[in-house]
Amino acid sequence: MEPYSVTLPRVNENGYYKMRLESIGGLGANLCGKLLGELGAEYLGLSAASFSSYGSEKRGSPVKAYVRWGAPGQAIRHNSPVEQPHLLALFHLALGQNLPVTAGVEEGCSVVVNTAAAPEDARRQLRLYGGTLCCVDAQRLAMETKSRVNMILLGALARASGFIPLEAVFALIRDTLGKKYPSQLERNLAGAKSGYGEVRQKYFAPDGAYPPVPYREPQGVWGWRTAPMGGVNPLPGNLVSNDLSASREGYLPLFLPEKCIHCGLCDSTCPDMVFQFLPGEYRGKPAMLNSGLDYHHCKGCMRCVDVCPTGALAAGLEREHPNPRWQRQNRDLAGEGPHYEAAGRVSRILCKR
Ligand code: SF4
Ligand code: SF4
């Protein structure tokens, strides 16, 4: 196939057009980065390089993907993180609450963000310095098209770039995912198409409302000088500040207390600190009682729904349950240290030490 003919609209001093994807494990940013690398090299006739950076390969851990495109035949010899992207994708608006995901954004940058919010509101929440903000409700569109968030954002990135033809994205999806998952092909094409078509974008001049955020490589808080004696983690539950709500894909477990027999299977199965069991009495005997969920830590994997023997947990649509009555923040586990405040879609934690 002849590659599509494109001209890179902007490049840096090394001749690269640069992209950065900021995500949380489970939303498909790693795959999206690989696809963008392939898109440039195979379908747009450019030079391309891409790689991802992530910790443990599990849902909920931070993920970054970096892509560089250059002119045809140009050698790309840089393999460092993309610090000043021309195109930035944020796989969930909530990522901006605690992480410097907009670091390195300059006036000419286009920022694609997965949110139902309007660009003005999204800018305020992200404290975005400036640039073109492109909002797309990827979670809703993924559910409607039965696709995935990364397909929606792939289409939205093509639109936000201003030069990537949607047909090239379709060809890429057909040749890659279409061969691997043929039964999902139409859904993924529909997802990319809806992402392309439903971008709401607005340019914000750097008006001083928010300062630029310089890019910094994350530094470990604990090193050989600062780690607690014996390497002990003194916080009760080292996931206590870990907001996993951004990795949900539109579903969360609903708790029906009247059906619960407090067997604890959900707590044994849940990979994160979601269920809050407190001392109480069950059938006339002292017992630990399931008293609710802290959705701040829930990444929507639905394992608990699968194991619950009584149907006390059921899969629900997150957007229909913005303030579940079973929400129980796990301040009881945190002791005197962290302090919690309700915020965000369902809950948000602020650690103040
Ligand atoms: S698995 Fe179901 S019944 Fe058992 S404690 Fe959890 S919610 Fe209750
Ligand atoms: S869906 Fe259930 S098992 Fe999965 S993280 Fe949430 S509470 Fe835990």
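Tutor: Buried means under 20% relative accessible area, exposed means over 50%, and partly exposed lies in between. The model discussed here is predicted.

Student: Is tyrosine 203 buried, partly exposed or exposed?

Tutor: Tyrosine 203 sits in strand β7, residues 200-204. Its relative accessibility is 42%. Buried needs a value under 20% and exposed a value over 50%, so tyrosine 203 counts as partly exposed.

Student: Which residues does tyrosine 203 contact, leaving aside its neighbours within four places in sequence?

Tutor: Contact here means heavy atoms within 4.5 Å. With neighbours within four places in sequence left aside, the residues in contact with tyrosine 203 are Glu107, Gly131 and Thr132.

Student: What is the length of the polar contact between the side chains of tyrosine 203 and glutamate 107?

Tutor: A polar contact is a pair of N or O atoms within 3.5 Å. The side chains of tyrosine 203 and glutamate 107 are joined by such a contact, of 2.4 Å.

Student: What distance separates the C-alpha atoms of tyrosine 203 and serine 110?

Tutor: Along the chain, tyrosine 203 and serine 110 are 93 residues apart.

Student: How many of the five residues of strand β5 are buried?

Tutor: Strand β5 covers residues 110-114. Ser110, Val112 and Asn114 point one way from β5, while Val111 and Val113 point the other way. In a regular strand the side chains alternate between the two faces of the sheet. Both groups in β5 are buried, so the strand is largely enclosed by the rest of the structure, and the count of buried residues is five of five.

Student: What is the bridge partner of leucine 87 in β5?

Tutor: Strand β4, residues 87-90, pairs with β5 in the parallel sense over four bridges. In β5, the bridge partner of leucine 87 is serine 110.

Student: Is serine 23 buried or exposed?

Tutor: Serine 23 belongs to strand β1, residues 17-24. Not counting residues up to four places away in sequence, serine 23 touches Ala29, Ser61, Pro62, Val63, Phe91 and Leu95. Its relative accessible area is 4%, and the limit for this class is under 20%, so serine 23 is buried.

Student: Which element gives the most to the lining of the second largest pocket?

Tutor: The second largest pocket has a volume of about 620 Å³. Of its 28 lining residues, the closest to its centre are Gly28, Ala29, Leu31, Arg148 and Asn150. Elements that each supply at least two lining residues are β1, α1 (29-43), α5 (149-161) and α7 (177-180). With five residues, the element that gives the most is α1.

Student: How much space lies in the largest cavity?

Tutor: The structure holds two cavities of 30 Å³ or more. The largest cavity is lined by 14 residues, and nearest its centre lie Cys270, Pro271, Cys298, Cys301 and Cys304. The space in the largest cavity is about 100 Å³.

Conventions: Residues numbered from 1 in each chain as written. Chains lettered and ligands numbered in written order. Predicted model: local features only at pLDDT ≥ 70, side-chain atom pairs only at ≥ 80, totals over all residues. Heavy atoms only, no water. Buried < 20%, exposed > 50% of the residue type's maximum accessible area, 1.4 Å probe, protein only. Pairing = 2+ DSSP bridges. Polar contact = N/O pair within 3.5 Å; in protein donor to acceptor, adjacent residues only side chain to side chain. 1 Å grid on protein atoms, 1.4 Å probe; cavity = no way out; pocket = protein on both sides within 12 Å on 5 of 7 lines; lining within 4 Å. Points joined across faces, edges and corners; volume = space filled by probe spheres on them.
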